[in-house]
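Have the viewer open as you go through it.

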Amino acid sequence: VPRSGFPRLAGGCGLARLRSAACSVLPAASRRPAPLRETGSPITATVCGCVSGTTAPGPHSGPSAKCNRSTCWRQWPFYRFLFFQEPASAAASILNGLANYVMLNRYRAAVPFQSPMYRTCISFAMVTLNAWVWSTVFHTRDTLLTEKMDYFCASSVVLYSIYLCCVRTLGLTRPWTASLFGALLIVLFGCHVWYLTYVHFDYGYNMAANILIGLINILWWLCWCLWNRARLPYVWKCMIVVGLLNGLALLELLDFPPWLWVFDAHAVWHFSTIPVPFLFYSFLIDDSLHLLDVKRE
């Protein structure tokens with residue numbers, strides 16, 4: 001899920017990169033420098049203690065290595081593979097995207113377009129695929145642009161998951177409610193992107209915002225599942241997805257030297273979310289077919 005977005009329902013598709021806000025909550029001595037942009041070495045550079053624009057010293061940093069963020073957090077060194085700066089996270093992002101693509105095609109094959117949730121679920125899959133594309137790009141080439149796109153697209157998945165839940169719980173009987181709520185989410189997302197792009201890219205604020213929308217996402221889905229667990233026996237799939245994504249988010253709190261200088265906690269988290277789309281899309285298929293049956297009655 002992309003590094004931001006806490007937590008993300010369906011598709012792994014984003015949980016919080018909690019470490020991205022470490023600088024705003026940890027004492028200076030424990031802050032970790034930002035990933036370096038380019039080093040000219042097969043190993044992506046390591047520790048620095050710099051402020052924006054200063055040269056980042058480190059045993060693997062080249063003379064052009066810069067830390068371009070206003071505050072820093074430590075990045076363990078990684079072996080590059082071809083043009084991939086973080087090969088494990090990039091590979092995991094690709095596999096997550098493929099998992100979502102496979103299940104999107106399975107959903108299309110199993111669910112007729114007449115189902116009330118068909119278009120909303122297809123749109124959700126597209127937003128999720130876009131997020132994994134940008135996650136792959138970011139882990140391949142870390143720049144200010146790819147970092148922002150990774151964060152923004154991850155947040156968009158969480159917001160669309162909230163909209164998906166709104167449509168499922170309220171929009172089928174009150175379509176105008178879902179439409180107005182969707183418009184509100186678009187405005188909020190636009191303001192969020194505008195602030196982080198043109199005012200100040202604040203990691204602490206970004207984390208707080210994603211935690212807030214993530215909690216709304218989790219609680220809304222979980223409450224709906226619990227309310228309908230007796231009437232809709234397949235909702236256990238959605239409940240497991242919610243539980244899995246929250247449990248797997250703990251991997252983002254870990255920090256250890258990358259195994260073989262390739263697999264860090266973030267990469268392990270990305271790999272662990274690969275099976276999640278299979279279960280969540282299975283839930284969407286069951287639910288969409290159920291709604292279609294209700295519509296035909």
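Helices (H or I, at least four residues) and strands (E, at least two) are taken as DSSP runs, numbered from the N terminus. On that basis the chain has nine helices and four strands. What you're looking at is a predicted model, where local features need pLDDT of at least 70, side-chain atom pairs count only at pLDDT 80 or more, and totals for chains, interfaces and linings use all residues. Residues are numbered from 1 along each chain as its sequence is written, and side-chain values use heavy atoms, with hydrogens and water left out.

**Overall layout**
- Going along the sequence, the pattern reads α-β-β-β-β-α-α-α-α-α-α-α-α.
- Of the 297 residues in the chain, 54% are buried (under 20% relative accessible area; exposed is over 50%, partly exposed in between, with a 1.4 Å probe and protein chains only).
- Take the contacts (heavy atoms within 4.5 Å) with a separation of 6 or more: 72% of them join residues 24 or more positions apart.
- The accessible surface (Shrake-Rupley method, 1.4 Å probe; for residues, only the protein chains shown count as cover) is about 13,100 Å², and carbon and sulfur atoms own 71% of that.

**The core**
- A nonpolar core here is a set of buried Ala, Val, Leu, Ile, Met, Phe, Trp, Tyr and Cys residues joined through side-chain atoms within 4.5 Å.
- The largest one has 41 residues, and Tyr-107, Leu-164, Trp-221, Phe-280, Phe-283 and Leu-284 touch the most other members.
- Two or more residues each come from helix 2 (87–110), helix 3 (118–140), helix 4 (144–171), helix 6 (203–228), helix 7 (236–248) and helix 9 (276–296).
- Leaving aside residues up to four places away in sequence, Leu-284 touches Tyr-107, Cys-121 and Leu-164.

**Helix 3 with helix 9**
- The two axes (lines fitted to C-alpha atoms over the stretch in contact, with angles from 0 to 180 degrees between N-to-C directions) come within 11 Å and cross at roughly 165°.
- Helix 3 and helix 9 are therefore roughly antiparallel (over 145 degrees; under 35 is roughly parallel, 65 to 115 roughly perpendicular, the rest oblique).
- On the helix 3 side, Cys-121, Phe-124 and Ala-125 meet Phe-280, Tyr-281, Leu-284 and Ser-288 of helix 9.

**Helix 5 with helix 6**
- Helix 5 (residues 175–199) packs on helix 6 at about 160°, axes 11 Å apart, so this pair is roughly antiparallel.
- Phe-181, His-192, Tyr-195 and Leu-196 of helix 5 make the contact with Tyr-205, Asn-206, Ala-209 and Trp-220 of helix 6.
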